[in-house]
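Here are a few notes to go through while you have the model open. Take them one at a time and find each spot as you read.

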Amino acid sequence: MTITHRKKPMATAGTTGASGSGTDDKEPPKYHCDACSTDVTNTVRIRCADKDCPDFDLCVTCFCSGAEPVKHKAWHDYRVVKPHSFPIFSEEWDADEELLLIEGAEKMGMGNWQAIADYVGTKNKEECERHYLDVYVKSTYWPIPDMSVEFNISEDEYRQRKRQRLHAMSGRPPAAPARSQKPITSGPTFHEIQGYMPRRYEFETEQENEAETFVKDMVFSEDDTQEEIDLKVMVLDIYNSRLDKRIEKKKFLLERGLLDYKKNQTADKKRSREERELYNRTRIFARLQTSGDYEMFVDGLLKEQRYRDRIVQLQEWRENGITTIKAGEQYERDKVQRTTNLKGLIARETMLANERNQARNTLRAQLAMQYNRETSPTSRASTPKLSGTPTTTTGRKPANPLNIKEADGVHLLSEDEQQLCSALRILPRPYLVIKDTILKEYAKHGFLRRRQARELIKIDVNKTSRIYDFFVENGWIKAFKSADNSSNQPTASITVS
């Protein structure tokens with residue numbers, strides 16, 4: 001496959017022979033020798049100045065040996081490019097590092113110091129943050145840094161010091177230790193749940209899983225026009241960006257230990273309900289922060305919530321006249337005890353109400369069974385005949401309940417009374433007249449028998465008996481004369497729901 005060089009759309013330096021716009025949004029610009037592919041980013045390089053060789057770089061060794069790769073010729077004009085290994089604002093930062101710091105802050109976002117440090121490559125996130133705040137933010141000429149700083153150090157001496165610093169940095173331990181020294185092996189929690197294959201460093205279904213579809217049949221040939229080459233290179237740029245997304249997602253999963261399902265589940269169970277809710281709500285910010293920064297962020301939110309709860313508790317104590325911590329603790333214990341007692345009281349009241357309802361339903365069922373036995377044709381047939389008394393052998397089918405939902409005066413009746421009127425097929429207004437008549441008669445005598453009720457109400461005796469039994473069941477009337485109502489002027493108490 002032939003690699004061609006394209007003119008960079010921007011003035012910033014790019015990677016020689018790289019595809020795309022010349023500079024990656026997440027990686028600093030790199031330079032390689034077009035003859036031997038040696039990295040010449042931090043060393044002296046020779047750049048061809050001929051118009052036929054745009055963005056063409058050679059290392060010093062290949063240049064001295066007269067290498068002529070691709071279209072480059074030894075007689076082309078050239079210029080020597082040296083790295084900017086001299087300090088501008090601080091002795092520990094050279095010009096190239098300053099430029100990478102500004103570019104990293106612009107591309108990665110202000111405050112994303114870990115990504116900015118990765119972009120710079122030679123500094124950690126604490127050094128990047130401290131340098132930016134000291135030089136740019138705290139400058140007396142803000143937003144411009146102090147341009148009058150001078151350093152009494154030669155470029156060779158500074159380059160030597162930088163080389164020693166890079167050598168020392170390459171041997172220092174990593175910033176974040178590994179989560180586990182035990183190597184990851186294939187198991188049910190990896191393969192069956194996440195579909196991860198640790199020996200291959202792959203998932204069964206990768207992020208951007210169809211990325212290779214568009215480049216699998218691509219071929220660069222000598223007959224391609226410049227437009228075709230540009231189009232193919234553009235497709236390769238898109239493919240590279242999708243691969244970057246895949247690598248980023250995979251790196252995030254492995255660095256955070258999200259593949260260890262059992263361990264994460266155990267840690268989640270140890271958290272309280274409020275902590276789990278907070279972790280679920282803030283999980284989206286984990287991609288924007290390092291693991292340590294995210295844990296610090298969540299811990300800060302938890303502390304804030306605990307402080308808020310404590311403030312509300314102290315305000316409640318103050319409203320109730322409590323001025324000491326000891327009295328407040330006693331108040332909380334009493335509050336818990338009161339809540340427990342209230343729950344027990346509510347449970348007992350509910351149980352008693354259920355028992356009363358059950359007893360009432362049982363009594364109604366017994367009265368209904370008695371009434372059915374008295375009015376059923378079988379009971380009439382089994383009753384011995386009296387001489388001269390005619391008997392009937394056929395019964396009558398009970399009528400369907402009457403719909404009184406839209407009847408006049410239905411809102412004056414309770415639910416039980418509505419059911420009674422519906423079963424007896426009596427409208428609400430006539431029922432109220434019957435009720436008023438029976439209660440007035442009961443108030444005169446202090447008691448009322450079934451026979452008296454039948455004499456007062458000139459309707460079907462069965463309906464009158466049902467109404468009479470309903471009043472006795474609800475305690476509105478009494479069937480017999482009580483001992484304290486035996487005087488000439490009886491007094492009666494009427495309870496009407």
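1. Start with the sheet: 3 strands make an open sheet in the order 2-1-3, with antiparallel pairing. The edges are strand 2 (57–58) and strand 3 (78–81), each of which pairs on one side only. Strands here are DSSP runs of E, at least two residues, and helices are runs of H or I, at least four residues, both numbered from the N terminus. Two strands pair if DSSP finds at least two bridges between them.

2. A quick word on the source: this is a predicted model, where local features need pLDDT of at least 70 and side-chain atom pairs count only at pLDDT 80 or more, while totals for chains, interfaces and linings use all residues. Residues are numbered from 1 along each chain as its sequence is written, and side-chain values use heavy atoms, leaving out hydrogens and water.

3. Now look at strand 1 (residues 45–48), which pairs with strand 2 over 2 bridges and is joined to strand 3 by 4 bridges. Follow I46: its bridge partner in strand 2 is L58, and in strand 3 it is V80.

4. Which way do the strand 1 side chains point? R45 and R47 go one way, I46 and C48 go the other, and all are buried (under 20% relative accessible area with a 1.4 Å probe, protein chains only; exposed is over 50%, partly exposed in between). In a regular strand, side chains alternate between the two faces of the sheet.

5. Last stop: K232, in helix 7 (residues 226–255). K232 counts as buried because its relative accessibility is 18%. Leaving aside residues up to four places away in sequence, K232 touches M218, V219, F220 and D224, where contact means heavy atoms within 4.5 Å.
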